[in-house]
Amino acid sequence: TRLAQEIVTRTMRIIPFNVNVMDANGVILASGNADRVGELHAGALLALAKKLTVEIDAAAARKLHGAQPGTNLPLSVGGQVCGAVGLSGAPDQVRQFGELVRLTAEMILEQAALATELQNNSRYREAFVLNLIRYEAAHRPELEGWARRLGLDLERMQLVFLLELQPGLDAGANALHDIQRLQMRLLARRDDALTATVGPSEMVLLDSWEPARKGFESTPQRRLEALAQMVREECALPFTLSMGIALPGLEGAAVSYQSARS
């Protein structure tokens, strides 16, 4: 309903006709005419059934219960029809605006779908890290499945860093804000970064390490130094950053976390 209302508000700023937005069942979710919200839209039902634009003139409107003249276009996101948008008015007058309204509506829906996917993906990664560092043998098959979907090579050495900010008595909320900002900064640098908030002022970072790899950040100590530098740049609070021992496998990641905490 919120997205439908956004579509109505944005499109009616630029066209002089009423706009209705319907769900996949043809029910009006939002409209420039608030009295129509909740009604079944006959034109939308036709557009959804045919998956094509359907125009209704005055003569056809008289034959369809509750219908008004206008044009109705199906909305698709990711190849799936998810609803319809309708413009009220004589088809000859509203036809030229139909595709503009459809494109605007689909853009709004696609942006919302992407935002939800990114948010869910972030939560999915965080849940995986939290379950991994609290490893229980009974959850091993599930954790292995998660690791495969995230592209985590469990044969490599797993290395856990633990960051603890040290806020003052009245700075607890700032610490959590700084932790979340650091997580976003890490994701901006590495879109495969696996982090989790483990307390109001604590964050863990799960990293994989190949002993044979060459380069600036080829050793755990250099990775520790690079992470510490980034924290200093992003956060004014004093902090403790510790690094666990590097071990392979699911159990290795859990032991690395426990050693970092110790």
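L206 touches F128, L132, L152, Q158, L159, V160, L194 and A253, leaving aside residues up to four places away in sequence. L206 also belongs to the largest nonpolar core, where F128, V204 and L206 touch the most other members. The model is predicted.

**Nonpolar cores**

- In soluble globular proteins, nonpolar side chains tend to be buried together.
- The largest nonpolar core here has 22 residues.
- Two or more residues of this core come from each of α4 (91-133), α5 (140-150), β6 (157-165), β7 (194-199), β8 (202-209) and α8 (249-261).
- Helix α4 gives the largest share of this core, five residues.
- There is also a second, separate core of 21 residues, with L163, I179, A193 and A246 among them.

**V19 in strand β1**

- V19 sits in strand β1, which covers residues 19-23.
- V19 counts as buried because its relative accessibility is 0%, and the cut-off for buried is under 20%.
- Setting aside residues up to four places away in sequence, V19 touches V8, T11, M12, A30, S31, G32, V85, G86 and V101.
- V19 and L87 are 68 residues apart in sequence, yet their C-alpha atoms are 4.8 Å apart in space.

**Aromatic rings**

- A pair of aromatic rings is described by the distance of the centres and the angle of the planes.
- The whole structure contains three aromatic pairs.
- One of them joins Y124 and W146, with 5.3 Å from centre to centre and 35° between the planes, a tilted arrangement.
- Because Y124 lies in helix α4 and W146 in helix α5, this pair ties together parts that are 22 residues apart in sequence.
- Y124 has 24% relative accessibility, so Y124 counts as partly exposed, whereas W146, at 13%, counts as buried.
- F128 and W146 form another tilted pair, with ring centres 5.9 Å apart and planes at 50°.
- This pair links distant parts of the chain, since F128 is in helix α4 and W146 in helix α5, 18 residues apart.
- Both F128 and W146 are buried.
- Taken together, Y124, F128 and W146 form one aromatic cluster.

**K51 in a loop**

- K51 is found in the loop between α2 (42-50) and β3 (54-56).
- K51 is not a glycine, but it has a positive phi of about 55°.
- With a relative accessible area of 57%, K51 is exposed, the cut-off for exposed being over 50%.

**Cavity**

- Rolling a probe the size of a water molecule over the atoms shows where empty space is left.
- The count comes to one cavity of 30 Å³ or more.
- The largest cavity has a volume of about 50 Å³.
- Its lining consists of N20, R36, H41, Q68, P69, G70, T71, N72, L87 and S88.
- Strands β4 (70-77) and β5 (80-88) are the elements that give two or more residues to this lining.
- The largest share of the lining, three residues, comes from β4.
- By type, the lining residues divide into two nonpolar, seven polar and one charged.
- L87, whose C-alpha is 4.8 Å from that of V19, is one of the lining residues.

Key: Residues numbered from 1 in each chain as written. Predicted model: local features only at pLDDT ≥ 70, side-chain atom pairs only at ≥ 80, totals over all residues. Heavy atoms only, no water. Core = buried A, V, L, I, M, F, W, Y, C linked by side-chain atoms within 4.5 Å. Buried < 20%, exposed > 50% of the residue type's maximum accessible area, 1.4 Å probe, protein only. Helix = DSSP H or I, 4+ residues; strand = E, 2+ residues; numbered from the N terminus. Contact = heavy atoms within 4.5 Å. Phe/Tyr/Trp six-rings, centres within 6.5 Å; stacked < 30°, edge-to-face > 60°. 1 Å grid on protein atoms, 1.4 Å probe; cavity = no way out; pocket = protein on both sides within 12 Å on 5 of 7 lines; lining within 4 Å. Points joined across faces, edges and corners; volume = space filled by probe spheres on them. Nonpolar A, V, L, I, M, F, W, Y, C, P; charged D, E, K, R; others polar.
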